[in-house]
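Student: Could we go through this structure together? I would like to begin with the strands.

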Amino acid sequence: MQSAEFLRCPECGLWRQEPQPAPEAIQGRYGEDYLQYETSKHLEYRAISLKSLKEAGLVPQDSTDQLGKQRSILEIGCATGALLSTFKEAGWNATGIELGPSMAAYARSVFGLNIIEGTIESAQLPDESYDVVMATHLIEHLNDPRSFLKEARRLMRPGARLYLITPNASGFQARIMGSRWRSVIRDHLYLFSKLNLSALLRAEAFTVDYLGTWGAWPAGMKPGCIKKPVDTIAKHLGWGDVMILSAHAGGL
């Protein structure tokens with residue numbers, strides 16, 4: 001993917017792509033080529049996401065609440081639906097929102113999912129509809145992350161959880177690679193650190209319950225023999241290349 005120019009805030013460490021693309025220009029990026037890119041790795045991405053979601057406390061098998069009622073999950077930016085399909089198959093009431101028409105069609109036809117084409121704002125779903133709202137590798141693609149978080153909070157039932165997976169701009173790989181970091185691409189409009197994403201969530205009336213990271217030494221970078229120990233240490237220190245957060249709406 002093509003590289004992009006980013007400005008880094010010296011105070012909070014947020015990376016912002018400049019100039020920002022217009023919202024109407026973004027949808028064109030997620031056509032057939034992006035579908036091919038996603039389908040080439042979606043099962044691999046699903047396995048990684050499921051592992052990190054489990055560490056954050058979310059597993060597909062928990063499809064009912066304490067009273068035995070079916071739980072509902074909404075995935076924003078669900079791409080091919082590979083991840084969301086695991087929850088549907090486990091018994092969840094599963095809904096996806098996807099901007100790319102070809103990916104939305106794929107998720108419907110291949111996985112039989114209920115997919116709303118568009119954005120979380122355009123979907124206009126009812127208040128307090130979901131037990132879980134999930135977005136993996138989405139928030140960094142958005143022109144307006146605050147609007148996304150406001151809508152996510154509106155859709156969450158009391159006691160619901162929000163799960164976010166996104167690159168970690170405060171991780172080891174970002175620190176050593178700088179502008180050559182693999183996440184510095186034109187499809188990413190913002191790149192967050194652990195601190196500034198947590199601060200953004202607090203500003204939008206969320207409380208972070210869990211924050212973890214993984215990955216550090218770039219795949220293929222020499223010497224390859226140190227990747228496993230470096231990744232292990234980075235995970236322990238919270239310096240991984242990708243982070244996952246879970247949060248609930250409101251205070252403690």
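Student: What is the order of the strands in the open sheet?
Tutor: Please keep in mind that this is a predicted model. The open sheet has 7 strands in the order β5-β4-β3-β6-β7-β10-β9, and the pairing is mixed.

Student: Which strands are at the edges?
Tutor: The edge strands are β5, residues 114–117, and β9, residues 206–214. Each of them pairs on one side only.

Student: And what is the average twist from one strand to the next?
Tutor: The twist averages 15 degrees.

Student: Back to β9: in which sense does β9 pair with β10?
Tutor: The pairing of β9 with β10, residues 242–249, is antiparallel and extends over 8 bridges. Thr207 stands opposite His248 of β10.

Student: What holds paired strands together in general?
Tutor: Strands of a sheet pair through backbone hydrogen bonds.

Student: New topic: which strands does helix α6 lie across?
Tutor: Helix α6, residues 145–155, lies across β3, β6, β7, β9 and β10. The helix runs at about 145 degrees to β7.

Student: Which residues have the most contacts inside the largest nonpolar core?
Tutor: They are Ile76, Phe148, Leu149 and Leu162, in a core of 36 residues. Among the elements that give two or more residues to this core are α2, β3, α6 and β10.

Student: What does Phe148 touch, leaving out residues up to four places away in sequence?
Tutor: Its contacts include Ile76, Ile120, Ala135 and Leu164, and also Glu121.

Student: How many residues does the second core have?
Tutor: That separate core has 23 residues, including Ile73, Ala82, Leu83 and Ile165.

Conventions: Residues numbered from 1 in each chain as written. Predicted model: local features only at pLDDT ≥ 70, side-chain atom pairs only at ≥ 80, totals over all residues. Heavy atoms only, no water. Pairing = 2+ DSSP bridges. Helix = DSSP H or I, 4+ residues; strand = E, 2+ residues; numbered from the N terminus. Axes fitted to C-alpha atoms, helices over the stretch in contact; angles between N-to-C directions. Contact = heavy atoms within 4.5 Å. Core = buried A, V, L, I, M, F, W, Y, C linked by side-chain atoms within 4.5 Å. Buried < 20%, exposed > 50% of the residue type's maximum accessible area, 1.4 Å probe, protein only.
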